[in-house]
Amino acid sequence: MMSKRYRPLAFVLVLLVLFLSACGNSANAGSDKGAPSSFTIVYQPGLGSVTFITLKLQKTLSKQFPHTDFQWKIVNSGSAVREAIISNQGQLGALGISPFLVGWDHGMDWKVLLATSLNDTWLVAKNPRIKSLKDFGPNDKIGVVAPDAQQAIVLRKAAEQQLGNAHALDKNLVAIGSVDGEQALLSGQIAANFSGSPFQEREVAAGGHIVLHTTQPFGPVGTGLIVLPQSFYNQYPEFSKTVYKDLLGATTYVTNHHQEAAQYLAQDAGSGGSGSVKQFKDLLDSKSLSFETTPSGLIAYATFMKSIGLISKAPGSVNDLELPTVAGTGS
C-alpha cells in the first residue's frame, strides 16, 4: 500500500501525464487539420506505378497524416479507375488521358493534379505474318485493357492514318488486363497485345515483335495522369496540395534512385507487374521512359476523340481540365 506521504506526489504525476498526453493528442490533431478520415488511391499495375509504390512503401503520407486511413487499390484499367472514383471507392486515380476525358465528357468533376510520365508503349504481335495494321484479319484479336484505354485510342488514330478508317479494327479489340494479355499473346489466344512496361518487354523477349509505337500517331505525349475530383480538392485544399508535393518528391526520388525504385517494384509484385530487381532497373534506365509531371496531349487526344465520336465535346483549353497545382501548364 502506498504511504500517505507519497500520495500527493503520485497525484501530481498523474495530472502531469494526463496534461502531456492531452498536449500530444492536440498536436497530432493539429497536424491532421483539414485532412480526410480516409483516402484511397486507385491505380493500375506496371512500371508507371512506381511513384505510388514509393509513397506506399516509404509510408510518406501516413507519416504526415497519421489519423487518415490510406488505402491502395489496384485495378486493371483506366475505366475501372473511373468507376472507383464515380462510386466513391477511391479519391485519387491514376489513368490514361482517354478514360479521363470520357469521364470528363460525361460530367465528372475530376481534374488533373499532375501527370506521371512519358513512355513509349508497343503493340506487340507474335505471328511473323503481322507486320503492320493492314495485316490484321477479322479473326485476329488485339488485346487492350479497355475499349477507351489510351492504347485503344492510339490504335484508332493509327488506323485512320494507315487504313483510312479510325474504326477499322474496332471489332478486333478485346478487353483484357495487362497480366492476362501477356499470357494470352504468348499462348496464341490473341494475335497482338497493346499494354505497357514491363509486360511489353517480356512479350518481345519471348519472341514477339513491335507492330506499332504509341509515339508514332500522336508524338511523344504523356501516358498517364493523376486526377482528383474538383469537389475533393475544394474541400481539402491543403491536403491535396501536400499529396501533390509528395508525388513530385516521389517522382524526383525515383528519377535519381533507380536501384531503390527497382527494389520497390520487385517487392510490391502486384503493383509493379512482377519482375526481378535487375529487370526493373533496366527498364528504369531506359531512355524511352521519363517521369514528366506536366500534362501533355490532353487537347490532341480530346480533339481526335471528338472527331470520331468517342466524346461529345473538347475543352477550350487545358485550364478546363487542370487543378490549380498545374493550371496553365501542359498541352
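Predicted model: local features only at pLDDT ≥ 70, side-chain atom pairs only at ≥ 80, totals over all residues.
Student: Which value makes N88 a residue with a positive phi, and where does N88 lie?

Tutor: Phi of N88 is near 60°, a positive value in a residue other than glycine. N88 belongs to the loop between helix 4 and strand 3 (92-95).

Student: Why is N88 called exposed?

Tutor: The relative accessibility of N88 is 55%. Exposed requires a value over 50%, so N88 counts as exposed.

Student: What makes the peptide bond between S197 and P198 a cis bond, and where is P198 found?

Tutor: Omega is about 5° for the bond that joins S197 and P198, and this bond is cis. Most peptide bonds are trans. P198 is found in the loop between strand 8 (192-194) and helix 8 (199-205).

Student: Why is G78 called buried, and which residues does G78 touch?

Tutor: G78 has 6% relative accessibility. The limit for buried is under 20%, so G78 counts as buried. Residues up to four places away in sequence aside, G78 touches Q44, L95 and P99. The C-alpha atoms of G78 and V42 are separated by 9.5 Å, and these two residues are 36 residues apart along the chain. G78 itself is in helix 4 (residues 78-86).

Student: How do you know that helix 4 and helix 5 pack together, and which residues meet?

Tutor: Two packed helices are described by the angle between their axes and the distance between the axes. For helix 4 and helix 5 the angle is about 35° and the axes are 8 Å apart. G78, S79 and R82 in helix 4 meet P99, V102 and G103 in helix 5. The crossing of helix 4 past helix 5 is right-handed.

Student: What makes S98 a buried residue of helix 5 (residues 97-105)?

Tutor: S98 lies in helix 5 and has a relative accessible area of 0%. Buried means under 20%, so S98 is buried. The contacts of S98, not counting residues up to four places away in sequence, are D148, A149, Q150, I153 and M305.

Student: How do you know that the length of helix 6 (residues 150-163) agrees with expectation?

Tutor: Helix 6 has 14 residues, which at 1.5 Å a residue should span 20 Å. The end C-alpha atoms of helix 6 are 19 Å apart, which agrees.

Student: Why does T116 count as buried, and where does T116 lie?

Tutor: T116 lies in the loop between strand 4 (110-115) and strand 5 (122-125). The relative accessibility of T116 is 9%. Under 20% is the condition for buried, so T116 counts as buried. With residues up to four places away in sequence left out, T116 touches G224, L225, I226, F291 and E292.

Student: How many aromatic pairs does a search of the whole structure find, and why is the pair of F39 and F70 called edge-to-face?

Tutor: The search finds 12 aromatic pairs. The ring centres of F39 and F70 are 6.1 Å apart, and the planes stand at 80°. A pair needs centres within 6.5 Å, and edge-to-face needs planes over 60 degrees apart, so F39 and F70 form an edge-to-face pair. F39 lies in strand 1 (residues 38-43) and F70 in strand 2 (residues 69-74), so the pair ties together parts that are 31 residues apart in sequence. Both residues, F39 and F70, are buried. Ring pairs also link F39, F65, F70, F232, Y236 and F239 into a cluster.

Student: How do you know that the charged end of K313 sits over the ring of W104?

Tutor: The charged end of K313 is 4.6 Å from the centre of the W104 ring. The distance limit is within 6 Å, and the charged end of K313 sits over that ring.

Key. Residues numbered from 1 in each chain as written. Heavy atoms only, no water. Phe/Tyr/Trp six-rings, centres within 6.5 Å; stacked < 30°, edge-to-face > 60°. Helix = DSSP H or I, 4+ residues; strand = E, 2+ residues; numbered from the N terminus. Buried < 20%, exposed > 50% of the residue type's maximum accessible area, 1.4 Å probe, protein only. Lys NZ or Arg CZ within 6 Å of the ring centre and 35° of its normal. Contact = heavy atoms within 4.5 Å. Expected span 1.5 Å × (residues − 1). Axes fitted to C-alpha atoms, helices over the stretch in contact; angles between N-to-C directions. Left-handed = near helix turned anticlockwise from the far one by under 90°.
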